[in-house]
Amino acid sequence: MGDAEAGKKIFAQKCAQCHTVEKGGKHKTDPNLWGLFGRTGQAPWFSYSNANKNKGIIWGEETLREYLENPKKYILGTKMIFSGLKKKSEREDLIQYLKQATSL
């Protein structure tokens, strides 16, 4: 289990340039992540690549663990430019932060 405070720092350094997390937050280069857990891959009003649309992901801790390690390997053909988090501890911290920040 990760540390949400450490995950918040990771998000600020590696994710916030392209994503927002707050309810009603705008899409940037990549989608707003509010309601991420349990979502079937897509935020409303965001234009996803066909690779993302066709993957059929339901986002949860397990899918995020794999995705955050290497997004381009997990979704072949994704437009996501992020290369991933190689350290398991960083992935766990980020997931804990996202669980808190993207839901009530």
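**Entry 1: the pocket**

I began with open space, and I found that the largest pocket holds about 600 Å³. By pocket I mean, on a 1 Å grid over the protein atoms alone, an open set of points where a 1.4 Å probe fits, with protein on both sides within 12 Å along at least five of seven lines, and lining residues have an atom within 4 Å of a point. The volume is the space filled by probe spheres set on the points, which are joined across faces, edges and corners. I noted that 32 residues line this largest pocket, and that His-19, Asp-30, Pro-31, Tyr-67 and Met-80 are the closest to its centre.

Before going on, I recorded that this is a predicted model, in which local features need pLDDT of at least 70 and side-chain atom pairs count only at pLDDT 80 or more, while totals for chains, interfaces and linings use all residues. Residues are numbered from 1 along each chain as its sequence is written, and side-chain values use heavy atoms, with hydrogens and water left out.

I sorted the lining of the largest pocket into 19 nonpolar, 9 polar and 4 charged residues; here Ala, Val, Leu, Ile, Met, Phe, Trp, Tyr, Cys and Pro count as nonpolar, Asp, Glu, Lys and Arg as charged, and the others, Gly among them, as polar. H1, H3 and H5 each supply at least two residues of that lining, and the largest share, 4 residues, comes from H1. Helices are DSSP runs (H or I, at least four residues), numbered from the N terminus.

**Entry 2: the core**

Next I looked up the largest nonpolar core, which has 21 residues, and those with the most contacts inside it are Phe-11, Val-21, Tyr-67, Leu-94, Tyr-97 and Leu-98. Helix H1 (4-14), helix H3 (61-69) and helix H5 (88-101) each supply at least two residues of this core, with the largest share, 5 residues, coming from H5. Such a core is a set of buried Ala, Val, Leu, Ile, Met, Phe, Trp, Tyr and Cys residues joined through side-chain atoms within 4.5 Å. Buried means under 20% relative accessible area, exposed over 50%, and partly exposed in between (1.4 Å probe, protein chains only).

I then followed Tyr-67, and leaving aside its neighbours within four places in sequence, I found Tyr-67 in contact with Trp-59, Tyr-74, Ile-75 and Met-80, where contact means heavy atoms within 4.5 Å.

Which residues of H1 are buried? I listed Ala-4, Gly-7, Ile-10 and Phe-11. Seen down the axis of H1, these buried residues fall within an arc of 105 degrees, so they line one face of the helix; the arc is that of the directions from the helix axis to the C-beta atoms. On the other side of H1, I noted that Glu-5, Lys-9, Ala-12 and Gln-13 are exposed, and H5 is included in what covers the buried residues of H1.

For H3, I listed Thr-63, Leu-64, Tyr-67 and Leu-68 as buried. Their arc, seen down the axis of H3, is 120 degrees, so they too line one face of the helix, and the buried residues of H3 pack against helix H4 (71-74) and H5.

**Entry 3: residues in the loops**

I placed Trp-45 in the loop between H1 and helix H2 (50-55), where it is exposed, with a relative accessible area of 84%.

Ala-43 is found in the loop between H1 and H2, yet Ala-43 is buried, with a relative accessible area of 6%. Not counting residues up to four places away in sequence, Ala-43 touches His-27, Pro-31, Asn-32 and Tyr-48.

I went on to Ile-57, in the loop between H2 and H3, which is buried, with a relative accessible area of 6%. Its C-alpha atom and that of Gly-41, 16 residues apart along the chain, are separated by 5.0 Å. Ile-57 touches Arg-39, Thr-40, Gly-41, Thr-63, Tyr-74 and Ile-75, again not counting residues up to four places away in sequence.

Last, I checked Asn-70, in the loop between H3 and H4, and found it partly exposed, with a relative accessible area of 27%. The C-alpha atoms of Asn-70 and Ser-83, 13 residues apart along the chain, are separated by 6.0 Å. Ser-83, which is in the loop between H4 and H5, is exposed, with a relative accessible area of 53%.
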